[in-house]
Amino acid sequence: MDVQRWILRNILDKLPMHPASYAYRSKTSIVQCASQHMGARWLVKMDLHDFFGTVGEQSVYRVFRKLGYNKLVSFELARITTRTEDLERAPWLAANTVIGSYAVAGMGVLPQGGPTSGSLANAAATRLDQLLQKFSLQRSLNYTRYSDDLTFSSLDAFDRLTAESVVQEVSGLVRKAGFVTHRAKTRIVPPGSRKVVLGLLVDDSVRLMPEHRRRIEVHLRGCEKFGLANHAEHRKFNSVFALVDHLAGWLAFALGVDKVVALSWCRRFNKILEREGLPPMPHLV
């Protein structure tokens, strides 16, 4: 894990990324991604199936080769940043320190949650982004990708048949780039329907969804009225600290979307913590 963090900091953070890709990059956020679709009349939302598991060791190897590393170093880096199921089924292989441990039956893939997985998946998906961006420009569509979430939007005249043809053509381009779409998660959102991108409303501005605002308010009111322990028990959290972490995560998310409203929630939350004898959270200010 430490070696992967070093690789991310010293090698992969310098990787150029496609402008349509917003995840796993510094100085970008879901708000910036969602804002590309503000005011859209139609949305087509698609999902890549098993995004990290689709990026194999060979693709990772090619990423490092393109960065200028020789074949052996690229191979070593690809092995460090991927894993095979064989190693999990046979832990004695992982414990073996000799070079023979490289002789595993399976090809490695990117592990979900690995420090380097996001950047490497983005790099491996560059051809996908290029194909989908070119297609979108030809169709006068806005295109963004946030990890495995693909979003296409139209400000112009559109209809369901056109939207369905977009789904078919995009699915073909995704296959051409070596990925697979998750058909069950494909959504066509017509005019008059609520436009949601990455869990955010995108109409005339980017806003928190009403149900998310209600969730935060309910937790804050419950903690203020009954105390952290009683509210945590009532809402079936495993502990007070699980509730605190849950609410702190929602508040941090809200700060990035609607800072004015979120700051008032954060002040209430820190007062609750202070009353309960817990330290306030300085990052929630």
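**Figure 1. Val 196 is buried, at 14% relative accessibility.** The structure shown in this and the following views is a predicted model. Val 196 belongs to strand S5. Once its neighbours within four places in sequence are set aside, Val 196 is in contact with Leu 43, Lys 45, Leu 201 and Met 209. Lys 14 and Val 196 lie 182 residues apart in sequence, and their C-alpha atoms are 32 Å apart in space.

**Figure 2. The whole protein has 14 helices and seven strands.** The C-alpha trace spans about 60 × 55 × 30 Å along its principal axes. Of the 285 residues in the protein, 42% are buried. Contacts between residues at least 6 apart in sequence were also sorted by separation: 69% of them join residues at least 24 apart.

**Figure 3. Strands S5, S6 and S7 form an open sheet, in the order S5-S6-S7.** The pairing in this sheet of three strands is antiparallel. Its edge strands are S5 (196-197) and S7 (206-208), and each of them pairs on one side only. Strand S6 covers residues 200-202 and pairs with S7 over three bridges, in the antiparallel sense. Within this pairing, Val 202 has Val 206 in S7 as its bridge partner.

**Figure 4. An open sheet of four strands has the order S2-S3-S1-S4.** Here too the pairing is antiparallel. Which strands stand at the edges? They are S2 (142-146) and S4 (187-189); each has a single partner strand, so one side of each is left without a neighbour in the sheet. On average, neighbouring strands of this sheet are turned by 15 degrees against each other, direction ignored. Strand S1, residues 42-47, pairs with S4 over three bridges in the antiparallel sense. Val 44 stands opposite Ile 188, a residue of S4.

**Figure 5. Helix H10 lies across strands S1, S3 and S4.** The helix covers residues 160-176, and strand S3 covers 149-154. H10 runs at about 30 degrees to S1.

**Figure 6. Helices H1 and H5 pack with their axes 10 Å apart.** Two packed helices are described by the angle between their axes and by the distance between the axes. For H1 and H5 the angle is about 120 degrees, which makes H1 oblique to H5. The crossing in which H1 passes H5 is left-handed. Where the helices meet, H1 contributes Val 3, Gln 4 and Ile 7, while H5 contributes Leu 77, Ile 80 and Thr 81.

**Figure 7. Arg 5 and Asp 2 form a salt bridge.** Side chains of opposite charge can pair when their charged atoms come close. In this pair the closest N and O atoms are 3.2 Å apart. Arg 5 and Asp 2 are both in helix H1 (residues 2-10); because they are three residues apart there, about one helical turn separates them. Are these residues buried or exposed? Arg 5 is partly exposed, its relative accessible area being 42%, and Asp 2 counts as exposed at 60% relative accessibility.

**Figure 8. A salt bridge joins Arg 79 and Glu 57.** The closest N and O atoms of this pair are 2.6 Å apart. Glu 57 is buried, with a relative accessible area of 5%. Arg 79, at 21% relative accessibility, counts as partly exposed, because the cut-off for buried is under 20%.

**Figure 9. Arg 207 and Asp 203 meet through their side chains in a salt bridge.** The distance from N to O is 2.4 Å. Arg 207 is partly exposed, with a relative accessible area of 35%. Asp 203 is partly exposed as well, with 30%.

**Figure 10. A network of salt bridges links Glu 217, Arg 221, Glu 224 and Arg 268.** How many salt bridges does the structure hold? The number is ten.

Terms used
Residues numbered from 1 in each chain as written. Predicted model: local features only at pLDDT ≥ 70, side-chain atom pairs only at ≥ 80, totals over all residues. Heavy atoms only, no water. Salt bridge = Lys/Arg side-chain N within 4 Å of Asp/Glu carboxyl O. Helix = DSSP H or I, 4+ residues; strand = E, 2+ residues; numbered from the N terminus. Buried < 20%, exposed > 50% of the residue type's maximum accessible area, 1.4 Å probe, protein only. Pairing = 2+ DSSP bridges. Axes fitted to C-alpha atoms, helices over the stretch in contact; angles between N-to-C directions. Parallel < 35°, antiparallel > 145°, perpendicular 65-115°, else oblique. Left-handed = near helix turned anticlockwise from the far one by under 90°. Contact = heavy atoms within 4.5 Å.
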